[in-house]
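Here's a quick tour of one protein model. Have a look at it first, and then we'll go through a few spots together.

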Amino acid sequence: MRTDDTSQIRHSRALWLLSFAVWTVIGLLSSGSEVIDVLTGDTNASIWEPVLWELSSTYTWALLTPFIVIFTLRHKFTRIRWPKVLPLHVLAMVLFSIAHVGTMVAIRKAAYWIVGDFYDFGNIGLETMYELFKDIVTFWTLVGFTYGFDYYRKYRARELQAAQLETQLAQVKLENLRQQLHPHFLFNTLNTISSIMHEDVRAADAIITRLSDLLRMAMDTGDRHEVPVQEEIEALQIYLEIMQSRFHDRLSVALSIDPEARDALVPLLILQPLVENAIKHAVASRPGGGGGRVFVTVERRNGSVRLEVRDDGPGSNETLEELLKKGFGLSSTIERLQQLYGDSQHSSVRNGPEGGFAVTLDLPYRRAASQGGISISE
């Protein structure tokens with residue numbers, strides 16, 4: 001227990017208020033049976049006396065409880081220190097019992113004196129021993145509760161710290177993935193420019209211009225990891241213009257965007273690597289230089305938004321796990337989704353009934369609010 005923690009507990013009004021509240025309830029419950037004895041005539045006493053006897057005892061413990069808590073936290077039992085700590089606890093138990101009996105008797109005598117009566121504690125030795133046995137149980141019960149609460153407090157603190165570290169780690173991973181994505185895309189685009197610049201200088205110049213626009217758009221997102229679908233589609237269209245300059249009539253792309261999904265938040269540049277893979281399978285690797293088609297669909301489905309990219313290429317017989325090991329685009333996409341949404345997202349790959357290959361992403365529907373916040377639709 002650090003010194004500042006002990007100081008906070010010592011000066012905590014909440015601890016004192018809680019102590020008095022708990023011991024008041026215990027005192028009232030304890031005096032209940034004795035009040036009934038008075039009412040039924042089984043005890044020759046006034047009705048206020050059993051209440052005084054119990055509350056004088058419990059309120060004394062209420063005063064002493066914060067000190068016991070502080071003492072326990074300062075002198076904890078450990079595997080190495082327990083031989084030194086145990087005698088201290090035994091001494092503290094005896095001193096607290098003496099303080100409890102002395103304060104309790106003083107309160108009772110004062111109360112009786114106020115009403116013009118005299119309180120007889122009885123045989124001091126016997127009564128002190130009687131109270132000591134009760135105080136032993138009470139003292140060690142308080143010590144046990146203190147250890148239990150301290151353990152729970154530390155458990156919650158570790159849990160919170162672990163959650164914060166997990167969040168920080170996720171942010172670092174996301175940032176690393178995004179920083180990897182830009183060079184990956186840039187390399188592929190520059191490769192495209194290199195392949196056509198000697199054949200069609202005008203087309204190469206147009207690609208460079210559109211590449212500049214796309215990079216500017218990506219940089220303008222700042223620290224955002226998510227953008228509205230509308231913004232994502234605009235970036236995708238610039239990329240498609242670049243690919244169209246390379247493949248000309250060999251590439252055909254159809255976009256189907258649900259108007260209700262245009263304000264949905266999706267990861268930045270989530271579609272580009274999927275479309276890049278689709279173009280690779282549908283056009284670039286098609287034998288004989290034939291053309292291919294790519295279909296991009298975004299639609300809202302109740303509490304989710306579905307993104308699907310499919311092509312009319314030869315398809316694949318590999319599983320999702322096998323595909324993730326082969327290329328950066330799909331693997332980075334799945335990893336980003338896992339970091340952002342955890343188990344609330346779902347990814348799948350499949351071959352189409354008439355050939356081709358499709359990647360489907362189901363993400364939780366979240367939209368940017370009008371004042372810059374985020375709202376979530378269930």
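Let's start with a facing pair: threonine 297 stands opposite glutamate 308 in β5. Keep in mind that this is a predicted model, where local features need pLDDT of at least 70 and side-chain atom pairs count only at pLDDT 80 or more, while totals for chains, interfaces and linings use all residues. Residues are numbered from 1 along each chain as its sequence is written, and side-chain values use heavy atoms, leaving out hydrogens and water.

**The sheet**
- Strands β4 (residues 292-301) and β5 (residues 304-311) pair in the antiparallel sense over 8 bridges; strands (E, at least two residues) and helices (H or I, at least four) are DSSP runs, numbered from the N terminus, and two strands pair if DSSP finds at least two bridges between them.
- In total, 5 strands make an open sheet with mixed pairing, in the order β2-β4-β5-β7-β6.
- The edges belong to β2 (251-257) and β6 (346-351), each with a single partner strand, so one side of each has no neighbour in the sheet.

**The helix across it**
- Helix α7 (residues 229-247) lies across β2 and β4 and runs at about 170° to β2; angles run from 0 to 180 degrees between N-to-C directions, with axes fitted to C-alpha atoms, for helices over the stretch in contact (heavy atoms within 4.5 Å).

**Tryptophan 82**
- Tryptophan 82 sits in helix α4.
- Tryptophan 82 counts as partly exposed because its relative accessibility is 45% (buried is under 20%, exposed over 50%, partly exposed in between, with a 1.4 Å probe and protein chains only).
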